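Here's a quick tour for anyone meeting this structure for the first time. Take a look at the picture, then read on.

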Amino acid sequence: MAAIKKVLVAGASGYLGRYAVKEFKERGYHVRALVRDPEKIKTLGAHGEPAIQDMIDEIVIGDVTNPESIKGICKGIDIVFSALGLTAPHPEHTSNDVDYLGNKRILDQALNEKVSRFISSVRLK
Ligand SMILES: NC(=O)c1ccc[n+]([C@@H]2O[C@H](COP(=O)([O-])OP(=O)(O)OC[C@H]3O[C@@H](n4cnc5c(N)ncnc54)[C@H](OP(=O)(O)O)[C@@H]3O)[C@@H](O)[C@H]2O)c1
């Protein structure tokens with residue numbers, strides 16, 4: 001029997017991320033989710049996106065602007081699907097901090113861990 005594939009969904013609490021979690025789970029993946037606020041995923045999203053708490057196998061609570069909080073996040077992962085990004089102005093961070101540097105921090109770890117595929121909803125320069 002083939003081993004169950006493990007996916008990391010970053011930005012799992014967002015619009016795109018929630019649908020990605022649901023789809024991966026339905027396709028039989030083991031889902032690790034990166035979220036900042038675990039409370040958020042217990043309920044539907046603002047536009048009716050699914051509540052995903054029960055679809056997640058592992059949760060990592062972290063913020064990509066804090067490298068320590070996402071250390072080791074790609075360990076044992078086969079695929080990364082990143083839907084993280086700033087979609088509204090933030091008082092402290094820019095899109096460069098989150099969309100670019102945040103995704104790059106995950107990408108660098110994915111490369112070290114020999115993750116086979118990295119999918120991002122934002123274009124990395
Ligand atoms: N929606 C679309 O149709 C679409 C199409 C093409 C590209 N995109 C791009 O895809 C990305 C996601 O879009 P979306 O509509 O799903 O946006 P969204 O609902 O605002 O989701 C953004 C996600 O990123 C997370 N995030 C933000 N800052 C973070 C940080 N510092 N550390 C960890 N996570 C952080 C958010 O977490 P919190 O929930 O904690 O805020 C949330 O899970 C955006 O960059 C957007 O431009 C979206």
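In which sense do strand E1 and strand E4 pair, and over how many bridges? E1 and E4 (residues 79-82) pair in the parallel sense, over 4 bridges. Keep in mind that this is a predicted model.

E1 has another partner too: strand E2 (residues 30-35) also pairs with E1 in the parallel sense. Here are the two pairings side by side:

| Pair | Sense | Bridges | Residue opposite Ala 10 |
|---|---|---|---|
| E1 and E2 | parallel | 5 bridges | Leu 34 |
| E1 and E4 | parallel | 4 bridges | Ser 82 |

Is E1 itself enclosed or open? Of the 5 residues in E1 (residues 6-10), 4 are buried, so the rest of the structure largely encloses this strand. E1 also belongs to a right-handed β-α-β unit, together with H1 and E2.

Now zoom out. The chain has 2 helices and 5 strands, and from the N terminus they come in the order β-α-β-β-β-α-β. With a radius of gyration of 14 Å, close to the 14 Å the globule rule gives for 125 residues, the chain is as compact as a globular protein of that length. Across the whole chain, 31% of the 125 residues count as buried.

Then there's the ligand. Its shell holds 22 residues, and the closest are Gly 11, Gly 14, Leu 16, Gly 85 and Ser 121. Helix H1 (15-26) and helix H2 (95-112) each supply at least two residues of that shell. By type, the shell splits into 8 nonpolar, 9 polar and 5 charged residues.

Definitions and conventions. Residues are numbered from 1 along each chain as its sequence is written. This is a predicted model: local features need pLDDT of at least 70, side-chain atom pairs count only at pLDDT 80 or more; totals for chains, interfaces and linings use all residues. The radius of gyration is taken over C-alpha atoms; the globule rule is 2.2 Å times the number of residues to the power 0.38. A residue is buried if 20 or more other C-beta atoms lie within 10 Å of its own, exposed if 12 or fewer, and partly exposed in between; C-beta atoms are placed from the backbone. A residue is near a molecule or strand if its C-beta atom, placed from the backbone, lies within 6 Å of it. Ala, Val, Leu, Ile, Met, Phe, Trp, Tyr, Cys and Pro count as nonpolar, Asp, Glu, Lys and Arg as charged, and the others, Gly among them, as polar. Two strands pair if DSSP finds at least two bridges between them. A crossover is right-handed if, with the strands pointing away from the viewer, the path from the first strand over the helix to the second runs clockwise.
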